[in-house]
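Subject: Structure for you to look at

Hello,

Here is the structure I promised to hand over. Please open it first, then read my notes below.

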Amino acid sequence: MFEGIQFLNKELFWLLLLLPLALFWYVLKHKKQTAELKMSSLKGFKTTNSWLPKVKHLLFVLRLMALALLILAIARPQTVDVSTRTKTTKGIDIVMAIDVSASMLAKDLSPNRLEALKKVAAEFIKGRPNDRIGLVEYAGESFTKTPITSDKSIVLRSLKDIKYNTIIEGGTAIGMGLATSVNRLKDSKASSKVIILLTDGVNNSGFIDPKIASELALEYDIKTYTIGIGTNGTALTPVSILPNGNFQYARAQVEIDEELLKEIAQVTGGKYFRATNNKKLEEIYNEINKLEKTEIEEFKFYNYEEKYRSLVLLAGALLLLELLLRFTFFRSFI
C-alpha cells in the first residue's frame, strides 16, 4: 500500500502510541459503560439471543482505525518523481596517438607493450562518456585510425583492431604522429583539445620535425601529454623475422627520447610520463583522466504528489459508519 511513498512528518508516528493506550482504557472502562441490574431470579422474563451486544465493540474498532488513518494523514504521505537532466558545459576532444612500430611488441609489459596499452586505453575511453575521442597510428609514417567521435563503440572497436603490421613503413615518426593528431583537432570547437602521444623509441623517421609539430599544437591551443613506455635497461624485443613469419626475440637496450617527449609536453602545456610496467601505465592514464575533467551540470526536478486525501476520506467514512451504527443498530446498547 505504501510502496514508493515517503512521509514528510515522520515524527508524528509517535502519536500511534495513543492507540494501545486508548485500547487499554477501553478494556478497563467498557463494563462500567453499561448499566447493571441485579435480580435474584430471571424466571418470568423472556430471554433472547441477540448478536448485537456481542459485536458492539466494533464501534470502538472503527474509531481506532479512523484515528490511525488520521495520524498517517497528518504525517504527510507523498510520492516523489525525480527527473534528471545533465548538461555538459565543457567538452573535451582527445586524440590518442599510438606508436605501432615493431618494438611495441617487446615483452617488458605483459603480454607486450601494445596489448598492455590497448587494455588501459580502453578503460580510459569507457571512463569519458561525455568527450569525443579519436585514434592516430604511427610508425615510420602516420594515419588517422578513427576521427574524433562521440561514439565510443566505434573507438573501442578501432582500438581493438590496432596491431603491428608491415603495411606501415617501419621506424618511429614521432613528429608525423603528433602532426596528424594536430590536424584532427585544429578545427575542433571544443573548449579543450588534448593529444595523448605514446611511444617506446626515438624519432628516427618521417619528414616532420617533432619540435615543429609541437609548435603547431601550441598555435592551435592543443595540450599534449607524452608517455614513454618501456622498462629501464633491457627488454625482450623483436629483432628479426623467422622464415615461418614469427618474430625472433632477443634482449635489447630500451631507448626512449625522454628529452624530446618532455619538451613537447612542456611547450604545449602538457606533462610527460614514463610507464615502466603495466601498473605504472594504468596509473598514468588515471592521472590524465583526473587532470582533464569534463565539467557537467546536473539538474534534478522533484514532483511531489500528496497522498493524505484518500486517508482522510477513509477515516471520515469510518467515523460516519461508527456514528450511523451507534444511533441505529446499537442505540439500545449504548
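This is a predicted model: local features need pLDDT of at least 70, side-chain atom pairs count only at pLDDT 80 or more; totals for chains, interfaces and linings use all residues.

**Overall**

The chain has nine helices and 11 strands. It holds 334 residues, and 38% of them count as buried. Take the contacts between residues at least 6 apart in sequence: 80% of these join residues at least 24 apart.

**A patch on the surface**

Leu15, Leu18, Leu21, Leu67 and Ile74 make a nonpolar surface patch of about 410 Å². Helices α1 (18-29) and α2 (58-74) are the elements that give two or more residues to this patch. Leu21 is found in α1. Its relative accessibility is 55%, so Leu21 counts as exposed, the cut-off being over 50%.

**Strand β6**

Strand β6 is mostly covered: eight of its eight residues are buried. In a regular strand, side chains alternate between the two faces of the sheet. In β6, Ser192, Val194, Ile196 and Leu198 point one way. Lys193, Ile195, Leu197 and Thr199 point the other way. Both sets are buried.

β6 pairs with two strands that I would look at. Strand β3 (residues 92-99) runs parallel to β6, and seven bridges join them. Here Ile94 has Val194 as its bridge partner in β6. Strand β7 (residues 222-229) also pairs with β6 in the parallel sense, over seven bridges. There the bridge partner of Lys193 is Ile222.

**Asp200**

Go to the end of β6 (192-199) and step into the loop between it and α6 (210-219): Asp200 is in that loop. Is Asp200 buried or exposed? Its relative accessible area is 3%, under the 20% cut-off, so Asp200 is buried.

Which residues does Asp200 touch, leaving aside its neighbours within four places in sequence? They are Asp99, Ser101, Ser103, Met104, Arg113, Ile229, Glu255 and Ile256. The side chains of Asp200 and Arg113 are joined by a polar contact of 2.7 Å. A polar atom of the Asp200 side chain also lies 3.2 Å from the backbone nitrogen of Met104.

**Other salt bridges**

Side chains of opposite charge can pair when their charged atoms come close. The structure holds 15 salt bridges.

- Lys223 and Glu292 meet through their side chains at 3.0 Å, N to O. Lys223 lies in strand β7 and Glu292 in the loop between α8 (278-291) and β11 (295-306), so the pair ties together parts that are 69 residues apart in sequence. Lys223 is partly exposed at 27% relative accessibility, whereas Glu292 is buried at 5%.
- Glu258 and Arg274 meet at 3.3 Å, N to O. Glu258 is in helix α7 (residues 258-268) and Arg274 is in strand β10 (residues 272-275), so this pair ties together parts that are 16 residues apart in sequence. Glu258 is partly exposed, with 25% relative accessible area. Arg274 counts as buried at 17%.
- Glu137 and Lys145 form a salt bridge, with their closest N and O atoms 3.7 Å apart. Glu137 is buried at 2% relative accessible area, while Lys145 is partly exposed at 29%.

Best wishes

Key: Residues are numbered from 1 along each chain as its sequence is written. Side-chain values use heavy atoms; hydrogens and water are left out. Helices (H or I, at least four residues) and strands (E, at least two) are DSSP runs, numbered from the N terminus. Buried means under 20% relative accessible area, exposed over 50%, partly exposed in between (1.4 Å probe, protein chains only). Contact means heavy atoms within 4.5 Å. A polar contact is a pair of N or O atoms within 3.5 Å; within protein, one must be able to donate a hydrogen and the other to accept it, and residues adjacent in sequence count only if both atoms are side-chain atoms. Patches are made of residues with over 30% relative accessible area and no salt bridge: like charges are joined within 9 Å, nonpolar side chains (Val, Leu, Ile, Met, Phe, Trp, Tyr) within 5 Å. Accessible areas come from the Shrake-Rupley method with a 1.4 Å probe; for residues, only the protein chains shown count as cover. A salt bridge is a side-chain nitrogen of Lys or Arg within 4 Å of a carboxyl oxygen of Asp or Glu. Two strands pair if DSSP finds at least two bridges between them.
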